[in-house]
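Good morning, and thank you for joining this group meeting.

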Amino acid sequence: MEGAAHGPADTLKNVSIRVRVPALPDRSSRCTLLTSAVIAVALSASACSPGDEGPEPPGLSADGRDVTFEGGGFTVEGSFTHPESPDGEPVPGALIISGSGPTNRNGNSDGRPEADTNLNLSRVLAGAGVASLRYDKFGSGDPDTWDEKTVEAMGEDIDPLLFDAQMAAAYEELIAQPEVDPERTLIVGHSEGALFALRAREVLEDADPALVLAAPPGARMLDVIDRQITEQVRTAEAQGAVNESDAAMILSDIRTARALVRAGDELDMYDPTGIFAPQNQDFLAWIDAFDPVDLARDLPDDTPVLVLWGEEDAQIPRDEIDRLMTGFEDAERVDLPGTDHVLREYDDSPGAAALDGDRPFSPDVAPALERFVDGLW
């Protein structure tokens, strides 16, 4: 795959960009209701109504501007934020990479419209004296701003290497900013974005950034998906939203689909989650081929790495982080108490805030990032 990320746009093919976005296929009312119940349970403690006044944001409200650049043959939109330099000299720069699905520059998606993970990370980085660039992952952002080419591509199959190409283009845009010192850079990847961060030195040309992996997966992606769906289905079953036979059916179908993807066989089965739709098969096979432990082992020995994991992360359990750490020679790990997958405070006691917008960003992220950055250069 080396070098392929910079190929021309007309080679983009094979995979729908709507990967891992749960769909409700029109098959039978029973299956549709079943899927709806599982998704509702999965999102019940995470979604937030836009417009609610939330807690004080973390870090520093730094100067910023919107940026637009070309990546993989498409227009990419993002935001660049930079703190004031005390001596007027360029500051370190960080590229922030979103997690799975159509997640926008701020770290939000339809399922979690006020997570603001990337936005909060940019503020914390600014407080640590680091500029940052975050961008709308392909298929996210404001559809009203999409050009005609992007709109047309939304209905077509997309080569997964497009995501590599746009990461590389975003990095070039970051270091092109006059406020940024191109010799002092970081890649900050959240969730699935951590897999891209781990591969950054392979994808980027002549770059050796430090890495911050926030809530990173510690297993192959199809195993992560299987575990997450299993937990969601079992939770729905325990709450009476799904009966025992339907739960068994979903889990059996998901494991069959995982085996088909890994064997390279055609996905021609019904999947009530929409994740294993045929148009997603090539992307799933591509992303599943990366074992995070192998990626960690392949890093140059001198790569500085910080791993941030919330102890209340319902998506990535402790044993996956333990597994990931076995691949590093010398990485720093910081476990964040009372923190969930989007790095917000989490409390499951009765009456505690459940919605993203009502819960503060973890206060333990900033000191961990500041210590890490202070030791880099």
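First, the conventions. This is a predicted model, in which local features need pLDDT of at least 70 and side-chain atom pairs count only at pLDDT 80 or more, while totals for chains, interfaces and linings use all residues. Residues are numbered from 1 along each chain as its sequence is written, and side-chain values use heavy atoms, with hydrogens and water left out.

The chain has 12 helices and 8 strands. Here helices (H or I, at least four residues) and strands (E, at least two) are DSSP runs, numbered from the N terminus. Of the 377 residues, 52% are buried. By that I mean under 20% relative accessible area, with exposed meaning over 50% and partly exposed lying in between, for a 1.4 Å probe and protein chains only. Contact means heavy atoms within 4.5 Å. Among contacts between residues at least 6 apart in sequence, 75% join residues at least 24 apart.

Let me turn to the helices. How do α7 and α8 pack? Helix α7, residues 221-238, and helix α8, residues 244-263, have axes 10 Å apart at an angle of about 175 degrees. Axes are lines fitted to C-alpha atoms, for helices over the stretch in contact, and angles run from 0 to 180 degrees between N-to-C directions. The two helices are therefore roughly antiparallel. For these words, angles under 35 degrees count as roughly parallel, over 145 as roughly antiparallel, 65 to 115 as roughly perpendicular, and the rest as oblique. On the α7 side the contact includes Leu222, Ile229 and Val233, and on the α8 side it includes Ile250, Leu251 and Ile254. By class, the residues of this contact are 8 nonpolar, 1 polar and 8 charged. In this scheme Ala, Val, Leu, Ile, Met, Phe, Trp, Tyr, Cys and Pro are nonpolar, Asp, Glu, Lys and Arg are charged, and the others, Gly among them, are polar.

Helix α7 also meets α9. Their axes come within 7 Å and cross at roughly 110 degrees, and the pair is therefore roughly perpendicular. Met221, Leu222, Asp223 and Ile225 in α7 touch Leu284, Ile287 and Asp288 in α9. That contact has 5 nonpolar, no polar and 2 charged residues.

Is α9 enclosed or open? Because 6 of its 8 residues are buried, α9 is largely enclosed by the rest of the structure. Those buried residues are Gln281, Phe283, Leu284, Trp286, Ile287 and Asp288, and they pack against α4, α5, α7 and α8. Alanine 285, also in α9, counts as partly exposed because its relative accessibility is 31%.

Now to the empty space. Rolling a probe the size of a water molecule over the atoms shows where empty space is left. On a 1 Å grid over the protein atoms alone, a cavity is a set of points where a 1.4 Å probe fits but cannot get out; a pocket is an open set with protein on both sides within 12 Å along at least five of seven lines; and lining residues have an atom within 4 Å of a point. Grid points are joined across faces, edges and corners, and a volume is the space filled by probe spheres set on the points.

The structure holds 2 cavities of 30 Å³ or more. The largest has about 100 Å³ of space, and its lining includes Tyr135, Phe138, Leu162 and Phe196. Helix α4, residues 161-176, gives the most to that lining, with 3 residues.

The second largest pocket has about 220 Å³ of space. Of its 16 lining residues, Pro55, Pro57, Asp116, Asn120 and Arg344 lie nearest the centre. The lining divides into 6 nonpolar, 3 polar and 7 charged residues.

Aspartate 116 lies in the loop between β3 and α2. It counts as buried because its relative accessibility is 19%, and its phi is near 55 degrees, a positive value in a residue other than glycine. Aspartate 206, in the loop between α6 and β6, likewise has a phi near 55 degrees, but at 85% relative accessibility it counts as exposed.
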